[in-house]
Amino acid sequence: MKKVQILLILLLLASGTYSFGADITFSQALESLYGTHEGIAQAEADYKQKEYAKKAALGLYSPQIYLNAAYTYFGNDLTMDVDLSPVSDTVNGILSSLPIPLPPLNLPSSMEQVVQQDQFFSLNAAMIWPVFTGGKIYAANKAASANLEIARYGKTIRHDELGIAMAEKYFTLRFINDIIALKQDVKNSMQEHYNKALKMEKAGMLAKVERLHAEMALSDAEKSLDTSIREAKLVESALKSMISSNDNNITPATPLFIINTEDIEALMYFQDMASTSNAKLKQVQSAKKLAHAGVINSTSSFIPKINAFGMVNIYDYQLSSLAPDYIVGLQMSLNLFDGLKNYHQLKMSKQSEESTKLIALRAEKDIRTLIEQQYITMENARADYEASLKSLAFTEEYLRARQKAFNQGMATSLDVVDAELALSNSKMSAIQAAYKFDMALINMLSTAGMFDSFESYRAKAFVEPGLK
């Protein structure tokens with residue numbers, strides 16, 4: 001019975017609907033927004049950037065192989081003096097011991113030997129493989145993974161923020177359109193009242209001041225209607241820009257609505273959902289991982305690093321025969337003193353990690369508080385809506401009584417205008433309460449990490465026909 005009464009009452013709000021042109025549902029507006037808005041593409045590009053950074057960090061585990069080609073020119077050949085004295089002494093000793101004495105040989109005491117010609121070319125392959133880095137590579141991969149998570153949650157945040165911004169414009173335009181329809185009804189009623197007052201004045205049944213009052217009320221209604229139409233144009237322009245619409249005019253087809261208390265979960269449900277699904281909280285958790293990776297990276301400065309290396313000669317021209325064909329080895333390095341830079345860097349990283357943990361704790365508390373505020377706002381809007389419905393029946397009956405009394409000369413024009421405005425205010429309060437309810441609901445769902453559930457909740461609305 002209650003729902004039937006609500007539908008009958010709210011059907012009054014549908015009369016005199018103001019049309020802006022092409023209809024567009026909320027789902028269609030969202031689809032257009034996400035398909036064309038630059039903010040979505042920018043968030044996706046940022047995610048791709050972090051994805052490539054993660055793949056690049058994985059490459060730090062692999063050996064690095066280089067192909068080196070070098071041409072070298074010296075100012076002169078590289079030479080080495082060879083001492084021939086031992087050779088001369090040995091030969092002369094042999095000669096002197098022969099049965100037939102021979103004269104000694106006069107060999108030079110030394111001889112210059114070319115070790116490397118003044119120019120040469122070499123082609124070689126070299127490899128460096130970090131065997132152990134004290135956790136530096138591990139930390140780099142952990143940081144890259146954390147940054148990728150932050151970018152992924154950033155896409156969700158951007159998705160929801162744009163959706164809420166669009167929803168605000170969409171339902172604001174719908175709200176103004178409903179108000180325009182209401183004001184159009186008021187204007188029509190004031191026009192009818194003015195026409196009656198004019199006839200009654202001509203018939204000598206009404207004083208001129210009463211007719212003037214009816215005329216002034218009509219003028220005020222026209223001005224109020226024109227103001228709302230201009231406001232609608234501004235909001236419509238902003239909405240068209242946001243969803244990249246090429247239509248000359250667009251009209252939100254999705255109505256404002258209210259959901260029964262029994263059709264929506266309790267506050268605790270949304271708070272618990274936020275603890276596990278809120279993208280900003282997820283980002284903070286990823287920031288904690290990023291800060292911990294910074295601690296690991298700073299700690300690695302105090303641990304020895306071991307690298308394997310190797311080189312093989314592929315081709316050479318005029319390269320010294322003394323040069324080896326290949327080289328392999330292990331290298332270890334440890335920073336013994338750097339002016340306490342690494343020590344203070346580690347302290348800073350630990351403080352950053354602690355700060356991030358505190359931010360995460362505070363963020364979760366703030367999110368739960370915010371959801372509570374949004375939930376209360378939603379409940380208050382529902383209460384305001386129900387209160388408006390209760391006053392609506394009275395103001396309708398009161399207007400009929402005032403109009404009847406005016407026609408019989410037992411009420412003034414002021415009485416009729418006041419009754420008309422009282423009815424209009426009751427209807428306007430109902431529309432405004434539905435608008436507040438819808439915006440509180442969509443904001444709460446976003447905070448709980450449930451923005452995409454908005455349409456399923458809207459499907460539970462029991463007043464859709466009344467606000468079309």
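Colleague: Buried means under 20% relative accessible area, exposed over 50%, and partly exposed in between, with a 1.4 Å probe and protein chains only. By that rule, is L162 buried or exposed?

Modeller: With a relative accessibility of 4%, L162 counts as buried. Before we go on, please keep in mind that this is a predicted model, in which local features need pLDDT of at least 70 and side-chain atom pairs count only at pLDDT 80 or more, while totals for chains, interfaces and linings use all residues. Residues are numbered from 1 along each chain as its sequence is written, and side-chain values use heavy atoms, with hydrogens and water left out.

Colleague: Okay, and where does L162 sit?

Modeller: L162 belongs to helix α5, where helices (H or I, at least four residues) and strands (E, at least two) are DSSP runs numbered from the N terminus. The C-alpha atom of L162 is separated by 8.0 Å from that of L33, although the two residues are 129 residues apart along the chain.

Colleague: What does α5 pack against, and at what angle to α6?

Modeller: Helix α5 packs with helix α6, which spans residues 208–242, at an angle of about 160° and with the axes 8 Å apart. The axes here are lines fitted to C-alpha atoms, for helices over the stretch in contact, and the angles run from 0 to 180 degrees between N-to-C directions. That angle makes α5 roughly antiparallel to α6, given that angles under 35 degrees count as roughly parallel, over 145 as roughly antiparallel, 65 to 115 as roughly perpendicular and the rest as oblique.

Colleague: Which residue classes make up the contact of α5 with α6?

Modeller: The contact of α5 with α6 has 24 nonpolar, seven polar and 10 charged residues. For these classes, Ala, Val, Leu, Ile, Met, Phe, Trp, Tyr, Cys and Pro count as nonpolar, Asp, Glu, Lys and Arg as charged, and the others, Gly among them, as polar.

Colleague: And how does α5 cross α8?

Modeller: The axes of α5 (residues 136–202) and α8 (residues 279–299) come within 8 Å and cross at roughly 165°, which means that α5 is roughly antiparallel to α8. The contact of α5 with α8 has 12 nonpolar, six polar and seven charged residues. The crossing of α5 and α8 is left-handed, a word used if the near helix is turned anticlockwise from the far one by less than a right angle, with right-handed if clockwise.

Colleague: Which residue in α8 could I look at?

Modeller: You could look at A287, which lies in helix α8 and is partly exposed at a relative accessible area of 24%.

Colleague: What else does F270 pair with?

Modeller: F270 also forms a tilted pair with Y457, at 6.2 Å centre to centre and 45° between the planes. This pair links distant parts of the chain, with F270 in helix α7 (residues 267–277) and Y457 in helix α11 (residues 454–458), 187 residues apart. Both F270 and Y457 are buried, whereas Y269 counts as partly exposed at 34% relative accessibility. Elsewhere, ring pairs link F26, Y170, F171, F257 and F454 into a cluster.

Colleague: Which charged residue lies over the face of Y47?

Modeller: That is K155, at 4.5 Å from the ring centre of Y47, and likewise the charged end of R152 sits over the ring of Y153, 5.3 Å from its centre. A charge sits over a ring if NZ of Lys or CZ of Arg is within 6 Å of the ring centre and within 35 degrees of the ring normal.

Colleague: Last one, the backbone: what is the phi of L340?

Modeller: Most residues other than glycine have a negative phi. L340, however, has a positive phi of about 65° although it is not a glycine, and L340 is found in the loop between β8 and α9 (341–407). Q318 also has a positive phi, near 60°, and lies in the loop between β7 (305–317) and β8 (326–333).

Technical notes
Rings of Phe, Tyr and Trp (its six-membered ring) pair if their centres lie within 6.5 Å; planes under 30 degrees apart count as stacked, over 60 as edge-to-face and the rest as tilted.
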